[in-house]
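Dear colleague,

I am passing on a structure that you have not worked with before, and my notes on it follow below. Please read them with the model open beside you.

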Amino acid sequence: MFQRILVANRGEIALRVLRAAREMDIDTVAVYSEADRDAAYLDLANEKICIGPGPSAQSYLSIPRIIAAAEVTDVDAIHPGYGFLSENAEFADTCRDHGIEFIGPDGETIRQLGDKATARDVTLAAKVPVVPGSEGLIEDEHHAVKVADGIGYPVLIKATAGGGGRGMRVASNKISLRAAFHQASQEAQQAFGEGGVYLEKYLERPRHVEIQILADSHGNVIHLGDRECSVQRRHQKLLEEAPSSALSDAMRRNMGRAAVRLAKSVNYKGAGTVEFLVCGKEFFFIEVNCRVQVEHPVSEQVSGVDIVKEQIRVAAGDKLNFDQKHVKFSGHSIELRINAEDPAKNFRPSPGLITEWRAPGGPGIRLDTHAYAGYRVPPTYDSLIAKLIVTADDRATCIQRVERALAEFHIGGIKTTLPIHAEIVKNAFFRKGDYDTGFVEEFFSV
Amino acid sequence: MDVRDLKKVVQIMNDNDLVEVEIEEEGKRLRLRKQEAAAPTMMAALPAAAPVAAAPAAPAAGGAPAAEAPADDTAGLHTITAPMVGTFYSAPSPDADAYAEVGTKVGPESVVCILEAMKVMNEIKAECSGEIVKVCVQNAEAVEYGQALYMVKPS
């Protein structure tokens, strides 16, 4: 087992890793930028080291600075958290080249699954359904029409070099497809320097359901169930729950198996998430996230497995000490992402001093946060300041408990998304579990 | 007592920093009490109305962010701080003389030390002119970004 781990991240996820390591009697080193100098969570680490100024490019995103810190503190491994360098294959390789274990998959696996074309190929080869689409790039408009006829309209034209929702156009018939193909290719060339496009079936108002997987370096892969993440605003998740109301038992079983099959086929190691779009009874692969995710706690709550501890164990070479059949799911869990944003002003970031912090407690309440009264939220990073994770025996009780917890929760000095969550859980469709990725836009015009 | 008298009384109170005045005249009693400034609260969490701090300024190019250095004991000294994380070496090699000691005169381009990271020896320049008055770190010590390395009396 590792003697000392460096946490290459900040905020709530850094704190999460520090907590897990402490419970495993592993020493920790926390890196921080000058913007995070006064953050109290740093004191949970055995050692803390300043690696640079506020801007991420010169601190949390800087491979040389982090490796330098790892070297001078003589750590055995680095946990990258999520975001920042967590899915940077070069960083994973650099760690290992310097004799430091990277708590995550191999650089090669990250590369393979990070490239959309190869990820699709690998997934098809594992007999996991993908969104119907073209095999490779579209050559010309005739090819586009032929593929579209095969998969059915409406279709989505996507730039192969694109990402983050950019470089996509919808076409609902042959005529608009021809025009859209040319426009999309041109835009892609200009925006990404690569004009290649491919086609996918456009799924209208799908649900986003993902499967948590865990794999060790001995070929064992298990899944820890599903999470429903359709409550999104501009592709940013606001609320997640486990399990999803969208899945029948059969679908759940099939999706779990599919995710495990895919992970095995690429010799995956560590924690990961396989994301799907669900339409009715069908599910389609979209991508794999090769890291621990923000919403991992809901899976922990319903499965009883500590995902971060398992990440550390498998990275140290241990075998998973349970099989799929040992994983038992119980209860329902909902996570609310509390962001320092002003919902009344188009979710504009609201950094600054937190003057009051009255957190909820009692049965079934878990709060993952690095914030407290007197903490100054820096303007330099993303706005997530807390995750309120509520668990109960069933979904209805869980929602009731969420409402109770929100009534207790008071944050003063900055604006937060707490009020939006209160609205979400009051919504009749949400309460029925009948919602999709169009939910926030439909009901909250945000 | 009319309004003008009242105004005079208030003026007297202000001029003499009086908080409370009671006047009795012809059976009528008047008490004036000034609202005191709010006492400082005992709650550590609540600050005096402090403006939201702007993000800390990025260090000047070449990185000697003196603003973040610990307070100088002596005013007027400049602190050379580490622009990166690394291991501090005071000399180019184990047998060589130190780049900078107390009394050494430096200019902007003078190399004052090496910071080693990832097997790369980075020469750190003084970026100021003056005389070294204090060496803050020891040879082979690990230093973090912003850590004080030398104190310089500017010339």
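**A hairpin in chain A**

β12(A) and β13(A) form a hairpin with 2 residues between them, and A:G280 in the turn has a positive phi of about 65°. Here helices (H or I, at least four residues) and strands (E, at least two) are DSSP runs, numbered from the N terminus. Strand β12 (residues 270-279) of chain A runs antiparallel to strand β13 (residues 282-289) of chain A, and 7 bridges join them; two strands pair if DSSP finds at least two bridges between them. The bridge partner of A:C279 is A:E282 in β13(A).

Please keep in mind that this is a predicted model, in which local features need pLDDT of at least 70 and side-chain atom pairs count only at pLDDT 80 or more, while totals for chains, interfaces and linings use all residues. Residues are numbered from 1 along each chain as its sequence is written, and chains are lettered from A and ligands numbered from 1 in the order in which they are written.

**Helices of chain A**

Helix α7 (residues 174-192) of chain A has 19 residues and reaches 26 Å from its first C-alpha to its last, close to the 27 Å expected at 1.5 Å a residue, where the expected span is 1.5 Å times one less than the number of residues. Its buried residues are A:L177, A:A180, A:F181, A:A184, A:S185 and A:A188, a residue being buried if 20 or more other C-beta atoms, placed from the backbone, lie within 10 Å of its own. An α-helix has 3.6 residues a turn, so residues three or four places apart point the same way. Just after α7(A), A:G193 takes a positive phi of about 75°.

**Chain B**

Of its 155 residues, 25% count as buried.

Which strands make up the open sheet of 4 strands in chain B? The order is β7-β6-β4-β9, with antiparallel pairing. At the edges stand β7 (120-125) and β9 (142-143) of chain B, each with a single partner strand, so one side of each is left without a neighbour in the sheet. Within this sheet, strand β4 (residues 86-89) and strand β6 (residues 111-117) of chain B run antiparallel and are joined by 3 bridges, and B:T87 stands opposite B:E116 in β6(B).

Key:
A residue is buried if 20 or more other C-beta atoms lie within 10 Å of its own, exposed if 12 or fewer, and partly exposed in between; C-beta atoms are placed from the backbone.
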